[in-house]
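Please look over the model shown here. A short report on its fold and its chain contacts comes after it.

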Amino acid sequence: MSTIASHIHGTRAAAPTWRRATEEPAWVRRLLIGIALGFLSLFLVLPLTVVLYGAFEQGLQVWYAAITEPDAQAAIRLTLLVVAIVVPINLVFGVMAAWAIAKFEFRGKSVLITLIDLPFAISPVVVGLIFVILLGSQGWLGPWLAEHDLRVIFAVPGIIIVIAFGTMPFVARELIPLMQQQGKEEEESSLTLGANGWQTFWRVTLPNIKWGVIYGVILCNARAMGEFGAVAVVSGRIRGETNTMPLHIEVLYNEYLFTAAFAVSSLLAGLAIVTIAVKSLVDWRDERQRHQAAA
Amino acid sequence: MPRSRFSRLALAGVTALALGLSGAALAQQAATLLNVSYDPTREFYREYNNAFAAHWVAEKGQRVNVRMSHGGSGSQARSVIDGLDADVVTLALAYDVDALHDRAQLIPEDWQTRLPQNSSPYTSTIVLLVRAGNPKNIRDWDDLVRKDVQVITPNPKTSGGARWNYLAAWGYALEKFGDEDKAYEFVRDIFANVPVLDPAARGATNTFVQRRIGDVFIAWENEAFLAVEQLGQGQYEIVVPSVSILAEPPVSVVDRNVDRKGTRELAQAYLEFLYTDEAQRLAGKHYYRPSNPEILAEFAERFPEVNLHTVDEWFGGWRNAQETHFNDGGVFDRILAEIH
Amino acid sequence: MTLALRQPSVIPGFGITLGFTLFYMGLILLIPIGAFLLYTAQMSWADFWQAVSHRQVVASYKLSFGASLIAALLNLVFGAIVAWVLVRYQFFGKRVIDALVDLPFAMPTAVAGIALVTLYASTGWVGQYLEILGLRVAYTQLGVVVALTYIGLPFVVRTVQPVLEDLERELEEASAILGANRLTTLRRVILPALLPALLTGFALAFARALGEYGSVIFIAGNLPFRTEITPLLIVAKAEQYDYPGAAAIGTVMLLAAFVLLLLINTLQWWTARHSRR
């Protein structure tokens, strides 16, 4: 292409400017793609291959048996229940926190952001310890809970609390930089034009932060399903009752049932498929709306 | 519209939470028992629970559902102390059961005298697992201090099983040299040969078996048998040392919990049934040494005679052993500081 | 208090959003952490100091902080490249790769540890080739870095990605029209816009790495003074029923992470203010 072009124009200067000014030269693109793929292969694709290889090594039937076995089913149900409670709560929290932080200036903001980050920084091991100290029968609230016959720790509510703690920051943390970068001009003009706050949020802000919300929910969901260390401390590990999927996987691994352990793990890897589906759906809807707007 | 969606979600959350709470309460009304145990007993108790349930139906006409919880012995004991409402505990070492008394008064101090054989219906010992053909020619504890031998054991700080390993080696040296200082050096030299120190026993098994690291793996006898059976027949051999420790995994009813739940009779019967011939044979089948000598004799081929000593003989009880050797600033810490 | 301290704005919802934020955080985060700190505070200073300054513990701090820092830096550089490639370029398999990025969160850490050690042990698919190069990963400090890089991988990618998707191409075009070459545009236009997200991703990856336990213990070897991470020592303390000792070391880790995050967040807030003027 470029040689023909330079021939036609007869100038050398025209030759290298056929690509757009906001793109990199092809070799840079290839190099960057190569680096990214190399890095992801080593740290993502290969470990995943190990898991999938382990899961299907002995054939589909063994895999199917492992995930339909009653204890596995109980673990899957428990994990889904926990996620169904934790993710919506943390979504609402994340959007509210990001709104307060990104749209307003107030003192102590960096402290607040840092506090939101804190669950990431606390070792799962310590998280478990924190809730044992607080809710355990030797702990501060434990005796009171026992008196009222409220089972929190070593039961489902304890698992929910611990996972809500660990996954609290995801949506907020995804949205804060995004909303800060977007500023607040659009909301201000919407409000000046007479829309109320709720309409402004729904029609102006939400479309803008859509991807942040999607990523946040995906991450929050992934982490909620995969959380192990802290849950292990507060679950009590009762077979078929308080074992989440990660705990059940550990049980299987410790029983030398490696294929079954990897089979249940492969279900968590299946989350990636859900991610693809969700993103494609949103992409497709965007595309359609754009077409409708154009027509 | 968005508001209703939110309130529906909130409602779902609250309902689910309530279900979780009431679910725990409901489970109590059925004839259920919670047995909090440690890792290597899974296979045994799975079979034992069925046997006991059959026995209980025949005897009392009542169905029993035994719920199991497995994990590291120490962390399981901590869960019970912190409120996991176990009816019975079946743990790896008496020290962990002692803790139920010392830290939460869940059981009386003399718990170990309530059932026969120090409340240990089955026992085990510590043996050496080597690779097929025993390429490094490991015959006894002495070979573990050789410079060319790599030893795999979990960390005694985090694993109950590893504490048995450590004490067995110490006891052997004590018998051989008759001297605490020599014993210290002996155990130190073993730990200097450890290339990977897993936190838990089954992790260490996997390091030895799957990653093929180390020449010898110090393990519970029952775990060693299981590794040979399940993870590769013909790939490993068990070497029984000349002297070893009598590992007594104890069981106990958790008094405070059974009295609150009204399950004492059932829990008591559950543990007593462990001493019947049927259960003793099951223990033997799952590579635990039956505490009943007659049943043990039936398994003579499987369990060779070893010169076994107890923790009481060598160390004056578990509390003592723990304090001297494994607590912070204890002998094991000194060993670590010296070799690293 | 905070209400009075904020600058005036036409945008509504400050009270309710901040109110709910503080309420929820108070309930689920601040009360438990407060209780935890109080618990530690019951220790005498001497006991506390003895627990946190033991030689073995100090060695573990060095490993935990060092390996976390290296892992976070790796994630910063490669994560930024991955995010860029995923947003800007088209290539075969992009959608699949994009979806896989979150896996380190969904995979239970133990599974991750097992998968990584299977790969990087000297008998593993990758490890055997690294062995030829003289590189040992499994059961060395390098193994710790590998595990920590894995578990922190999504942070930088997923914080940078939405910002990059949202970045207006017009700015870059304007920059190009004004005569800037691509590198200058990258440095002067794109990087400043990405900086908050990059810093956030880095800080989070670092903080998460500090506390990681499950995956590391499979690949680290866990030898005291050499490949033993701090969370493992916390577990060891708890295992001896020494909750105060465990809480003491946990508190040190918690405060260190808090200070670090606070520094980065303040830096970010400061740069955001100055770049806007």
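The report takes up the basis of the model, one chain, an interface and a single residue.

## Basis

This is a predicted model, in which local features need pLDDT of at least 70, side-chain atom pairs count only at pLDDT 80 or more, and totals for chains, interfaces and linings use all residues. Residues are numbered from 1 along each chain as its sequence is written, chains are lettered from A and ligands numbered from 1 in the order in which they are written, and side-chain values use heavy atoms, with hydrogens and water left out.

## Chain A

Chain A has 15 helices and 0 strands; these are DSSP runs, H or I of at least four residues for helices and E of at least two for strands, numbered from the N terminus. The C-alpha trace of chain A spans about 85 × 60 × 35 Å along its principal axes. The radius of gyration of chain A is 25 Å, whereas a compact globule of 295 residues would have one near 19 Å. That radius is taken over C-alpha atoms, and the globule rule is 2.2 Å times the number of residues to the power 0.38.

## Interface of chains A and C

The size of an interface is often given as the accessible area lost when the parts come together. Chain A and chain C bury about 9600 Å² between them, and 78% of it lies on carbon and sulfur atoms; the area is that lost to a 1.4 Å probe, summed over both parts. In chain A, the residues that lose the most area to chain C are A:Phe39, A:Phe43 and A:Phe104, together 7% of what that side buries. The contact (heavy atoms within 4.5 Å) takes 104 residues from chain A and 105 residues from chain C.

Across this interface the rule finds 1 salt bridge, defined as a side-chain nitrogen of Lys or Arg within 4 Å of a carboxyl oxygen of Asp or Glu. C:Arg182 forms a salt bridge with A:Glu24, with the closest N and O atoms 2.6 Å apart. Helix H2 (residues 26-56) of chain A supplies the largest share of the side of chain A that touches chain C, 19 residues.

## A:Lys103

A:Lys103 lies in helix H4 (residues 70-103) of chain A. A:Lys103 counts as buried because its relative accessibility is 0%. Leaving aside neighbours within four places in sequence, the contacts of A:Lys103 include A:Met179, A:Glu187, C:Ser9 and C:Ile11.

How values were computed: Buried area = accessible area lost by both parts, 1.4 Å probe. Buried < 20%, exposed > 50% of the residue type's maximum accessible area, 1.4 Å probe, protein only.
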